[in-house]
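Subject: Structure for you to look at

Hello,

I am passing a structure on to you, with some notes on what turned up in it. Could you open it first and read the notes alongside?

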Amino acid sequence: MSLMLRSHDRPLERSTSPGRSWTVGILLAAAAAASLYPPPQFRFHQMNEMSNTAEPGASARPKTSTRIVACTSLPDVEGKSITTAFVHFPPNAFTPEHQHPGSVTAYVLDGTIRSRLAGESTGTYAAGETWFEPPGAIHLFAENASSTKTADLLAIFIADDNCGPLTIFR
């Protein structure tokens with residue numbers, strides 16, 4: 001099950017429940033990291049390795065690229081870390097089926113991204129919108145909705161405390 005928050009749906013409410021605290025904390029971390037969002041002339045992208053996919057023509061489409069911004073152990077959650085990554089989608093870029101070893105919150109910084117988790121409909125997310133992927137969810141694809149403009153997102157991962165691989169292609 002994914003969770004999508006849109007800025008116009010409703011304001012965040014104060015809550016003392018641990019689940020809401022984590023959500024608010026992750027969103028605050030995303031906002032802080034977004035303030036570090038590099039202008040285009042300073043972007044550096046490390047290309048992801050891609051697997052074979054059943055999506056027709058996917059291998060001919062541009063690849064997304066990822067740059068780790070930070071990885072820090074969570075002192076109050078033994079064995080877990082939080083990793084922030086900047087993901088760049090060139091025009092028409094496509095990421096094939098994959099999954100992540102932990103929870104992920106994605107925040108779109110620029111452009112429009114289409115994304116689909118197994119068992120759910122495809123979502124289209126514009127700058128300022130976010131979605132959540134629970135641990136082990138099958139992410140069927142993510143793609144830039146535009147064939148002429150780039151798109152960027154900030155991904156916040158909560159995973160095992162080794163800052164290891166964040167994406168596992170199937």
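Confidence is lowest in strand β2 (residues 46-47), with a mean of 36, and highest in strand β9 (residues 123-126), with 98. Strands here are DSSP runs of E with at least two residues, and helices are runs of H or I with at least four, numbered from the N terminus. The pLDDT is below 50 over residues 1-17, a stretch that has 25 contacts (heavy atoms within 4.5 Å) in the model beyond near neighbours in sequence. It is also below 50 over residues 30-54, where 42 such contacts are found.

A word on conventions: this is a predicted model, so to speak of local features takes a pLDDT of at least 70 and side-chain atom pairs count only at 80 or more, while totals for chains, interfaces and linings use all residues. Residues are numbered from 1 along each chain as its sequence is written, and side-chain values use heavy atoms, with hydrogens and water left out.

Now to strand β7 (residues 103-110). Six of its eight residues are buried, meaning under 20% relative accessible area; exposed is over 50% and partly exposed lies in between, with a 1.4 Å probe and protein chains only. β7 pairs with strand β12 (residues 151-160) in the antiparallel sense over seven bridges; pairing takes at least two DSSP bridges between the strands. Here Val-108 stands opposite Leu-153 of β12. β7 also pairs with strand β10 (residues 130-133), again antiparallel, over four bridges, and Val-104 has Glu-133 in β10 as its bridge partner.

Rings of Phe, Tyr and Trp (its six-membered ring) pair if their centres lie within 6.5 Å; planes under 30 degrees apart are stacked, over 60 edge-to-face, and the rest tilted. Phe-94 and Phe-141 are stacked, because their ring centres are 6.2 Å apart and their planes are at 15 degrees. Phe-94 is in strand β5 (residues 94-95) and Phe-141 in strand β11 (residues 138-144), so this pair ties together parts 47 residues apart in sequence. Both Phe-94 and Phe-141 are buried. Tyr-125 and Trp-131 make a tilted pair, at 4.5 Å centre to centre and 35 degrees between the planes. Tyr-125 is buried at 7% relative accessibility, as is Trp-131 at 3%.

Best wishes

Conventions. pLDDT = per-residue confidence, 0-100.
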